[in-house]
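Dear colleague,

I am passing on the structure we spoke about, with the sequence alongside. Please look it over first, and then read my notes below.

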Amino acid sequence: MRRQLLLLHHSHISLRGCTADCKQSFKEQLGVTTLEKSKFYVKPKLPYNYKDLEPYVSKEQLRIHHEKHHQGYVNGANAILEKLERARKDGDDLDIKSTLKALSFNIGGHILHSLFWPNLAPSGKGGGEPHGVLGNAIAKEFGSFEGFKKEFSQAAASVEGSGWAALSFCRQTNRPIIMQIEKHNTNIYPTFRILIVLDVWEHAYYLDYKNARGRFVDAFWKIVNWDEANKRLEKLLG
Ligand SMILES: [Fe+2]
């Protein structure tokens, strides 16, 4: 029995059965380089400089978003993991329902931001239309790129309160499917890989666009990184 439990534990930690790409992708989504080594979340560096998204996102807006807001979710998730560890060690009871709710919120915030930064590209290097396997999948599912763009923009514009629009991909049906995520963790389809995500929390655009979320969504289409999205889909499809 003890041996079975150890094997179960080991297989979970080592992701045994995954392909090399699957393991790497899982690690990337978690923002860690070595799963066995890292016990806590780490905020990834931006793949460009703070000024590089101007004029669509200002240097100050991007700096605060990445340095303060994303870091807040990393710190929040790590603090809860530490609290859980301490409670287990000391034999203390926690309010598990509220603790796990807060953990889900903070991990969701960290993972979504970690996907968001690389699916943006410096001004002049992003935008346009998707190509390759992703371009074909979008055209087939939505009728045209313009049809997809309209639906995704509507999803982003109409998220209740704070949230995200995401383009995900379902391997069971081989369809790209739009998620409208509330907060960081509601309405998510479990295990669907996210190809593109757009943060429409006010903290993402308020300095530049005040309450005009629609103008920020319009700007997103100028800096979306379709190369990154296409790579994510190719990796998923193997
Ligand atoms: Fe954000």
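How are α6 and α8 oriented to each other? Please keep in mind throughout that this is a predicted model. The axes of α6 and α8 are 10 Å apart and the two helices pack at an angle of about 140°, and as angles over 145 degrees would count as roughly antiparallel, α6 and α8 are therefore oblique to each other. Their crossing is right-handed, and the residues that meet there are K149, S153, A156 and A157 from α6 and R213, G214, V217 and W221 from α8.

As for the chain as a whole, its secondary structure comes to nine helices and three strands, which follow one another from the N terminus as α-α-α-α-α-α-β-β-β-α-α-α. The protein chain has 238 residues, of which 27% count as buried.

The largest nonpolar core is made up of 47 residues, and W164, A165, A166, L195 and V197 are those with the most contacts inside it. Two or more residues of this core come from each of several elements, among them α3 (59-90), α4 (96-116), β1 (163-170) and β3 (193-199), and also α6 (145-157) and α8 (213-223). Because domain 2 (59-119) and domain 3 (132-237) both give residues to this core, it lies between them.

W164 deserves a look of its own: apart from its neighbours within four places in sequence, W164 is in contact with L112, V159, I181, V197, L198, D199 and V200.

With best wishes

Conventions: Residues numbered from 1 in each chain as written. Predicted model: local features only at pLDDT ≥ 70, side-chain atom pairs only at ≥ 80, totals over all residues. Core = buried A, V, L, I, M, F, W, Y, C linked by C-beta atoms within 7 Å. Buried ≥ 20, exposed ≤ 12 C-beta atoms within 10 Å, placed from the backbone. Helix = DSSP H or I, 4+ residues; strand = E, 2+ residues; numbered from the N terminus. Domains from an automatic or database assignment. Contact = placed C-beta atoms within 7 Å. Axes fitted to C-alpha atoms, helices over the stretch in contact; angles between N-to-C directions. Parallel < 35°, antiparallel > 145°, perpendicular 65-115°, else oblique. Left-handed = near helix turned anticlockwise from the far one by under 90°.
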